[in-house]
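Good morning, and thank you for making time for this presentation.

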Number of protein chains: 4
Amino acid sequence: MGVIRLGYVHLRVTDIEEAKRHYRDTVGFRIVQDEGKTVYLKGWDEWDHHSIVLHEGGIGVHKLGFKVNRPEDIDDVEAKCRAFGVTTERMSRGDNPETSDGIRITAPSTHSIEVYHDMTLVGSEVGHLNPEVFPRTGLTGFAAPHIDHALIGTNDGYTMQRFFMDVFGFYCTERLIPDLDHPDTVLASWLSQGNRGHDIAIIQGDNWDGKLHHVAFQLQEWSDILHAAQIMSMDRVPIDVGPTQHGITRGKTIYYFDPSGNRNEVFADGYTNQRDRPTNIWTADCLGPGIDYLTRTLSETFTTIVT
Amino acid sequence: MGVIRLGYVHLRVTDIEEAKRHYRDTVGFRIVQDEGKTVYLKGWDEWDHHSIVLHEGGIGVHKLGFKVNRPEDIDDVEAKCRAFGVTTERMSRGDNPETSDGIRITAPSTHSIEVYHDMTLVGSEVGHLNPEVFPRTGLTGFAAPHIDHALIGTNDGYTMQRFFMDVFGFYCTERLIPDLDHPDTVLASWLSQGNRGHDIAIIQGDNWDGKLHHVAFQLQEWSDILHAAQIMSMDRVPIDVGPTQHGITRGKTIYYFDPSGNRNEVFADGYTNQRDRPTNIWTADCLGPGIDYLTRTLSETFTTIVT
Amino acid sequence: MGVIRLGYVHLRVTDIEEAKRHYRDTVGFRIVQDEGKTVYLKGWDEWDHHSIVLHEGGIGVHKLGFKVNRPEDIDDVEAKCRAFGVTTERMSRGDNPETSDGIRITAPSTHSIEVYHDMTLVGSEVGHLNPEVFPRTGLTGFAAPHIDHALIGTNDGYTMQRFFMDVFGFYCTERLIPDLDHPDTVLASWLSQGNRGHDIAIIQGDNWDGKLHHVAFQLQEWSDILHAAQIMSMDRVPIDVGPTQHGITRGKTIYYFDPSGNRNEVFADGYTNQRDRPTNIWTADCLGPGIDYLTRTLSETFTTIVT
Amino acid sequence: MGVIRLGYVHLRVTDIEEAKRHYRDTVGFRIVQDEGKTVYLKGWDEWDHHSIVLHEGGIGVHKLGFKVNRPEDIDDVEAKCRAFGVTTERMSRGDNPETSDGIRITAPSTHSIEVYHDMTLVGSEVGHLNPEVFPRTGLTGFAAPHIDHALIGTNDGYTMQRFFMDVFGFYCTERLIPDLDHPDTVLASWLSQGNRGHDIAIIQGDNWDGKLHHVAFQLQEWSDILHAAQIMSMDRVPIDVGPTQHGITRGKTIYYFDPSGNRNEVFADGYTNQRDRPTNIWTADCLGPGIDYLTRTLSETFTTIVT
């Protein structure tokens, strides 16, 4: 089956107390393990032990974890890495708390990407027997149920797209090219393994290897986007772009910054993807509506701020 | 990769003219081929040639088509059918217009299920180059972009669940059992291949082999459900249940009847599934909130009307 | 200026503890004064001291309070009552806690209706200086900001419509008549003083003098109606009708019952009224879509259950 | 009863053909009378003959019309104008097509404001007998049902606020002041006659006498705001601010420009006002969240572009 999803993101933050407050009180994630300078969190509707890890020290993304379905898929991914020509190392159970063994890949973009097959099952907060649709009490902030995806930087979009396709088995749902004369130049690519608009996306920039453009949290729909924005306003969270809708993926969205300056997103719905759906192609002159369909205007920060 | 999605549903209708008007003007699907007593339609955001086929003569479902990713997947499904013990026959390109060769399976529930690998690519009405988020003109009714899933009847839920898991590679996202003392009795099962709540679902009933419970169209969100209901009211479409939310899948929904009495559904959002998400278990005493979470009351028609 | 709004509703409840839990935890109103068997509550966005009063003992409505703009409006209403031929008595400041003096009218329908010009100003919970759009913390249940309106029973719809028009200066926004041959028979009437679909409505029934059909709480929009329904489901509040939209007023709505069996409503948006907007006329055969526009079906309870 | 509502706005446009296309195809208003260089339009849910008038020649607002309830209210407004010290002249039936006689006031801000008591009743497009909730066919663009309000410029906010309160009987729902040390300096004021956040608003600026800040169209709710923004994107309408929510009035909103550069707004819901609701006070340092609550940032254009 291969890689099934983005399972965790380790973020660097400048001030762990401030970050804890933000991700707990504004995003509404739960702290499941607190080791002082490193904190593990999960959304109320996630079933594995954690999905967001905050490390004090700097900004940006420390590493990303992708989950495979079965232990034997680890070997398969490792073999494909070897064929692709990226280096991997084995990681042991417990290298990440409550997490199985697996491999650690240094992606062409220099990002550290871990692949694992198991994490301690905690379960959704509504349980899995005759569940309610959300927890009746205890939700706070905009109460994101899940992480959704990440957009990471790279110096070489073409190679990173190929990496996620060849090694992870993802397919490209949408792609940004300079113009129709350069159809093979990948300025950005949205990659999915199943029915979602993207599980991971990559964007090319000068010296963007290892960089984070944003990590996204999932919300359900447009009314949840408004509610999230109201909470951001009350908590003085700086909004970067939105509320708006993407042309790319048709998701409803807000980009905003966490207290350390890492860009985050709340992302809701968008169309249902399928492996046989034709890839949408965007030319650079239409990146404005691709990102901010409603105003058709590209925020300058979109192509200048990464962490 | 195996079976990737429900591609088409052939429905029997009592009056083809009435049915055409309904699916075209109320649902907002496009007629792509009209052969008099048989009519082919697609949604504005579907890329393959057709997804709904209406045949005059009776009611219920004539056959369902599932698409695989590659021609060689046909052989794989055929082999799994043989291992499972269901009969198949080869179908030829053109048996269905604009559709590749494949196989025709008689499922344990007696439903005729076709598997194909290709259909003429027509493309979304917004195109795939810098697309708008929906067509600016020409949409009508509630303008469903896609079919979504079907719920079919069976005399033997356990076997049909196994069929879709073993032969199609689907996993069970939610399951209805009589009570916790009978965890292996499958009264109903929701089955997915990717990130959706279900691509197909099955429900057990007396002499429900071959029956259709409903075919669903996809909408985006709760506000679209209201809009669909307003259109249904104006077009005097009889609503069966809703607008409401399912506990099962958390989708927002309306069940209604087409002019022939086939139950249809509009279905929006619901949670994102993953293969490693624990299966939700529903006991029969909670089928009320499972189907109609808001009123927690099971409509009598839900378990009595199939076509 | 005359009567400006429905200010308070005194409800009879069978069990005060149960009622307090419901109106506080599910509706999300605040208890502002607790006298044991009588409890005063307000919504977070109301500025006067209280709007809902619960009295243990029976069911139904004990009395309704309407606010006038200025002390001298009391005399004006009193004079109009005399002209209309209904009896009034003076009430003193403090007859209702934190409430000014005024008059108590016995309406033609036998309902006790109080008119007052002042109540202790508490203010919205967001304050009135650079306010946030809702309180960041402490909201619970569906957190209704306001009461909205009441629908009361009467044996004589025509007279009660005239009462609210002649004495209170309201105008009729929508009216239910038996059929076009009987345009003057008032089966129900929706009455407004300003821009809302109704501040009060009356409905005729056998022995419905003094009865309460429902008291409504205001919500903002369709997504809030869903949220309220989800909370009702979790709190096992019996839903009577909805979620749906009224044809009459176009409001989005749920009717439900409080623990004593009094019908309540959550009501959102609807069109903007104006005194010069032509009155909508509904004939009895269209009461179905008038009340439940989406299903076009009249719940049997609508015309049989009053308290 | 006095002035009940803003009834019409005459706008100057640079190119009448372009303006007709915009207001008809994008806003979705109906052309009810076309005199070449002057065009009369109404929304589908308006009952009077017209509400928007487009005149070729320049930009900005030519005049505004306010409706009173009864012919005798004209005299009352005239008397109050005299007492206030503004000049009026009589206008005759037919000065404006399909419109009664009345008076024409030169407001302290130099705006030409007409007051009339009657206009030919055309009725809502859904009729007033058992009406549907919107017209089943023929709506286009974002299909605004109504005009909502206007925000006009003035050199002297204090006087213009007093004008609308003393002469028109409006009350102030929200007010912008420089700071708490200058509570009587009116930088902007939102004024209502009934239950709406505002029927008219005024904003002070240098040489802003006679200027138009924006004219607003009414939509129902947040999902309609998204739909309007999608249509604006498709029609390449330049969005100025939004989609967002105002802190002031809590309305959901988009500011945008018509083809001539006049600012328009789509405005949905917001709280229910009442004459006894305490006036919200905004200090100038909070104008950002007052206008754009979600980003808390004031667009530079808000205080620089008027027409």
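How many salt bridges does the rule find across the interface of domain 1 of chain A and domain 2 of chain A? The rule finds zero, a salt bridge being a side-chain nitrogen of Lys or Arg within 4 Å of a carboxyl oxygen of Asp or Glu.

Let me state the basis of these values. This is a predicted model, in which local features need pLDDT of at least 70 and side-chain atom pairs count only at pLDDT 80 or more, while totals for chains, interfaces and linings use all residues. Residues are numbered from 1 along each chain as its sequence is written, chains are lettered from A and ligands numbered from 1 in the order in which they are written, and side-chain values use heavy atoms, with hydrogens and water left out.

I begin with the domains. Chain A is divided into domain 1 (3–116) and domain 2 (146–303), with bounds that come from an automatic or database domain assignment. Their C-alpha centres lie 20 Å apart. Domain 1 of chain A brings 41 residues to the contact and domain 2 of chain A brings 34, contact meaning heavy atoms within 4.5 Å. About 3,000 Å² is buried between these domains, and carbon and sulfur atoms give 71% of that area. Buried area here is the accessible area (1.4 Å probe) that two parts lose on being put together, summed over both.

I turn now to the two chains. In the contact between them, 51 residues of chain A meet 51 residues of chain B. Chains A and B bury about 4,300 Å² between them, with 48% of it on carbon and sulfur atoms. On the side of chain A, the residues that lose the most area to chain B are A:His128, A:Val133 and A:Asp276, which together make up 15% of what that side buries.

What of charge across this interface? Between chain A and chain B the rule finds 12 salt bridges. One of the salt bridges joins A:Arg277 to B:Asp45, with the closest N and O atoms 3.4 Å apart. As for secondary structure, strand E1 (3–13) and strand E17 (280–283) of chain A are the elements that give two or more residues to the side touching chain B; strands are DSSP runs (E, at least two residues), numbered from the N terminus. E17(A) gives the most to that side, with four residues.

Thank you for your attention.
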